[in-house]
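Reader: I would like to learn how to read the features of a model one at a time. Please give the general idea for each, then the case at hand.

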Amino acid sequence: MSTKTSKASSAKIKYTSEPIEAKVVRDFLPPPEELAFREEGVKVTIALSKKSVDFFKSEASKHHTQYQRMIRKLIDTYVDTYAEPITPRSTRVARKTGRAQ
C-alpha cells in the first residue's frame, strides 16, 4: 500500500466569509410511482427474420439492454405515432332508412 498523496489532496482549502448566491430550482424529476410504472403486457409469438433479430441483439449488447425490450419500444413508438385517438363514443353517423313516417 502506497503512502504517497497527490498535491491536490494535500493542498489546503482557504474558506472566505463571502456571501453565497443560491437559487431554488424547480423540481423536474418524476415521482417514484411514475418511474416504477409498467404497462400491462400481452405475450405473443412472432416469427422475425434472422437479420432483424441479429440486428436487435447486436444493438442491445452495445447499449447494455435486452433486445426484446428494444423491439417492444420500437413497436410502442410506432403505435404512439400512428394510432388514432380512442373516442368514448363512436363517430359513425347513423344511416337514414329513407322510409316515410
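Reader: How much space lies in the largest pocket?

Author: Rolling a probe the size of a water molecule over the atoms shows where empty space is left. On a 1 Å grid over the protein atoms alone, a pocket is an open set of points where a 1.4 Å probe fits, with protein on both sides within 12 Å along at least five of seven lines. Points are joined across faces, edges and corners, and the volume is the space filled by probe spheres set on them. Here the largest pocket holds about 960 Å³. It is lined by 20 residues, of which Gln 68, Arg 69, Arg 72, Lys 73 and Asp 76 are the closest to its centre; a lining residue has an atom within 4 Å of a point.

Author: Two cautions on provenance. This is a predicted model, in which local features need pLDDT of at least 70 and side-chain atom pairs count only at pLDDT 80 or more, while totals for chains, interfaces and linings use all residues. Residues are numbered from 1 along each chain as its sequence is written, and side-chain values use heavy atoms, with hydrogens and water left out.

Reader: Which helix gives the most to the lining of the largest pocket, and what is the lining by class?

Author: Helices (H or I, at least four residues) are DSSP runs numbered from the N terminus, as are strands (E, at least two). The protein chain has four helices and zero strands, in the order α-α-α-α. Helix H4, residues 67–82, gives the most to the lining, with 10 residues. By class the lining has 10 nonpolar, two polar and eight charged residues. Ala, Val, Leu, Ile, Met, Phe, Trp, Tyr, Cys and Pro count as nonpolar, Asp, Glu, Lys and Arg as charged, and the others, Gly among them, as polar.

Reader: How many aromatic pairs does the structure hold?

Author: Rings of Phe, Tyr and Trp (its six-membered ring) pair if their centres lie within 6.5 Å; planes under 30 degrees apart are stacked, over 60 edge-to-face, and the rest tilted. There are two such pairs. Phe 55 and Phe 56 are edge-to-face, because their planes stand at 80 degrees, with ring centres 5.3 Å apart. Tyr 78 and Tyr 82 form a tilted pair, since their planes are at 45 degrees, with centres 4.8 Å apart. These two tyrosines both lie in helix H4, four residues apart, about one turn of the helix.

Reader: Is Phe 56 buried or exposed?

Author: Buried means under 20% relative accessible area, exposed over 50%, and partly exposed in between (1.4 Å probe, protein chains only). Phe 56 has 15%, so it is buried, whereas Phe 55 has 47% and is partly exposed. Tyr 78 and Tyr 82 are both exposed. Of the 101 residues in the protein chain, 5% are buried.

Reader: What sits over the ring of Tyr 67?

Author: A charge sits over a ring if NZ of Lys or CZ of Arg is within 6 Å of the ring centre and within 35 degrees of the ring normal. The charged end of Lys 57 meets this, 5.2 Å from the centre of the Tyr 67 ring. Tyr 67 lies in helix H4 and is partly exposed, at 25%.

Reader: What is the phi of His 64?

Author: Most residues other than glycine have a negative phi. His 64 has a positive phi of about 55 degrees although it is not a glycine. His 64 lies in the loop between H3 and H4 and, at 75% relative accessibility, counts as exposed.
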